[in-house]
Amino acid sequence: MADDPKQAAVGIAEDLLFPHAAEIDSAPVVPRAYLDALAEAGLYGLFGPLDRGGFDADPLTAGRVVEALGGASLVTAFVWIQHHSPVRAMAGAGPTQRDRWLEPLCRGRVRSGIAYAALRRPGAPTAVAAAGPQGSWVVDGHAPWVTGWGLVDVVLAGARAGDDVVWVWLDAVAGPASTVTPVRLDALDASATVRWEWHGLSVPASRVVGIEPFADWQQRDTAGRQLNGYLAVGVAARCARLLGRSGLDDAVRAARSGLDAATPSTVAAARAEASLLAARAATALVAAGGGRSVESGQPAARLLREAMFLLVFGQTRDIRDRQRAALGAQPVD
């Protein structure tokens, strides 16, 4: 385990991930060796408590780690970043679950994903839970995107139960009551993203992480939205470095500062600006490179696809509205 997560992230980004970014991006799935390197440096425990092998990183330190990795190999960072919400959830779980799961999660011996992004969507919930016997719950519905299938061991899933959210800890395996379908992506396809459907899946009480009012989760979710924005800063910063000295350097610093200072009321604007900057920076890199930018394996085309992905990753309605306004775009059905 490294002593300094920022230093470790930069070292892995520059010495390992970016030199192999084209290979990782074109692989059927992110090669496990690159995720193992993050685990060996302790970065799976970025937010974990010190006494369980984590770094207990503050938001600015975490932002620099995410920026470094996102600007080196976005698909690797994308798979890895899913792990941190489950770590934080397990840190707040009961003592039995904490003792079983938290240290293996922080050490990267157990790797996790998430299945709750659809909670942010308006309208009827895509997954619902009903109380069963002896503290169990029965889950029906689906999660449209679950990233890292085959690379993660467990998944933190959220299902609506009336005005509450039930958080359940599921093994990342298919079975009679759950099915998975691969989701093909034009960017970050190596992320092994699937649609996971549940058909009366019974979850025992020992795998229920918690139950909370949906409104409380919405507030927490809004307050924590800045972290993913640093992925876009990382892509923009990589494009600026490849271009050489340009006006993008100041824009990258401004986007980073905007995320650093973001509050729940300003985070949507900061996220929108970071993702739009990534798209502008990648477009500039493609234009500057001319014809070679579209040759297979060139970083410019990959970074442009990554920037496209970041325009929609974690995009809530308020972020999307700001992006559309900046671009003069109308909604597309």
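## Ground rules

The model is predicted, so local features need pLDDT of at least 70 and side-chain atom pairs count only at pLDDT 80 or more, while totals for chains, interfaces and linings use all residues. Residues are numbered from 1 along each chain as its sequence is written, and side-chain values use heavy atoms, with hydrogens and water left out.

## The nonpolar cores

Let's begin inside. The largest nonpolar core holds 66 residues; such a core is a set of buried Ala, Val, Leu, Ile, Met, Phe, Trp, Tyr and Cys residues joined through side-chain atoms within 4.5 Å. Here, buried means under 20% relative accessible area, with a 1.4 Å probe and protein chains only. L43, L69 and W80 touch the most other members. Among the elements giving two or more residues to this core are α1 (5–17), α4 (59–70) and α10 (248–260), and α9 makes the largest share, with 10 residues. Helices are DSSP runs of H or I with at least four residues, strands are runs of E with at least two, and both are numbered from the N terminus.

Take L69 as an example: leaving out residues up to four places away in sequence, its contacts include A9, L38, L43 and W80, where contact means heavy atoms within 4.5 Å. Another core, of 24 residues, lies apart from the largest one and includes V152, V166, W196 and W198.

## How α3 meets α5

Helices α3 and α5 pack at about 60 degrees, and their axes are 10 Å apart. Axes are lines fitted to C-alpha atoms over the stretch in contact, and angles run from 0 to 180 degrees between N-to-C directions. The pair is therefore oblique, the class left over once angles under 35 degrees (roughly parallel), over 145 (roughly antiparallel) and 65 to 115 (roughly perpendicular) are set aside. Y34, L35 and L38 of α3 meet T76, V79 and W80 of α5.

## Helix α12

With 14 residues, α12 reaches 21 Å from first to last C-alpha, close to the expected 20 Å, which is 1.5 Å times one less than its number of residues. Its buried residues include R302, E306 and F309, and the buried residues pack against α2 (21–26), α5, β3 (137–146), α9 and α11. After the helix comes G314, with a positive phi near 65 degrees.

## A closer look at A240

A240 sits in α9 and is buried, at 2% relative accessible area. Beyond its neighbours within four places in sequence, A240 contacts L248, D249 and V252. D318 is 78 residues away along the chain, and the two C-alpha atoms are 27 Å apart.

Definitions and conventions. Buried means under 20% relative accessible area, exposed over 50%, partly exposed in between (1.4 Å probe, protein chains only).
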